[in-house]
Amino acid sequence: MTLSLALAMQVAAQPAQPRREVKQADLNAMADACHAPRKWLYLKGREVVFAASPDADYDTVACVLGKVSAAGSITNVSFIGNEQASKEK
């Protein structure tokens with residue numbers, strides 16, 4: 001999940017832009033475009049939660065995080081399920 005950390009830092013470093021409110025339908029479209037389960041991305045207040053399974057396919061995770069990063073209007077992202085990666089070290 002090192003890619004997750006790198007993409008999270010990229011999302012956090014995005015310049016300020018006028019923000020369009022993100023809706024669950026936007027997140028569903030991102031998941032669908034990457035053939036990922038819709039439950040991986042959901043809204044918790046104004047925060048986007050990314051909850052991929054620990055054994056998720058690397059390319060699928062990279063695709064979803066790339067879509068989130070490219071959205072530009074998403075500035076708060078939480079990651080759920082990274083516990084497995086930290087235990088392996």
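This is a predicted model: local features need pLDDT of at least 70, side-chain atom pairs count only at pLDDT 80 or more; totals for chains, interfaces and linings use all residues.
Q: Which residues have the most contacts inside the largest nonpolar core?

A: The largest nonpolar core has 17 residues, and those with the most contacts inside it are L27, W40, L41, F50, V61, V64 and I74. The elements α2 (24–33), β2 (47–50) and α3 (58–71) each supply at least two residues of this core. Its largest share, 4 residues, comes from α3.

Q: How many aromatic pairs does the structure hold, and what describes such a pair?

A: In general, a pair of aromatic rings is described by the distance of the centres and the angle of the planes. This structure holds 2 aromatic pairs. In one of them, W40 and F50 are edge-to-face, with 6.0 Å centre to centre and 80° between the planes. W40 lies in the loop between α2 and β1 (41–44), while F50 is in strand β2, so the pair ties together parts that are 10 residues apart in sequence.

Q: Are W40 and F50 buried or exposed?

A: Buried means under 20% relative accessible area. W40 has 7% relative accessibility and therefore counts as buried. F50, at 2%, also counts as buried.

Q: Why is the pair of F50 and F79 edge-to-face?

A: Planes over 60 degrees apart count as edge-to-face. The planes of F50 and F79 stand at 75°, with the ring centres 5.8 Å apart, so this pair is edge-to-face. Because F50 lies in strand β2 and F79 in strand β3 (residues 77–79), the pair ties together parts that are 29 residues apart in sequence. F79 counts as partly exposed, at 24% relative accessibility.

Q: Which residues do the ring pairs link into a cluster?

A: The cluster consists of W40, F50 and F79, linked by ring pairs.

Technical notes: Residues are numbered from 1 along each chain as its sequence is written. Side-chain values use heavy atoms; hydrogens and water are left out. A nonpolar core is a set of buried Ala, Val, Leu, Ile, Met, Phe, Trp, Tyr and Cys residues joined through side-chain atoms within 4.5 Å. Buried means under 20% relative accessible area, exposed over 50%, partly exposed in between (1.4 Å probe, protein chains only). Rings of Phe, Tyr and Trp (its six-membered ring) pair if their centres lie within 6.5 Å; planes under 30 degrees apart count as stacked, over 60 as edge-to-face and the rest as tilted.
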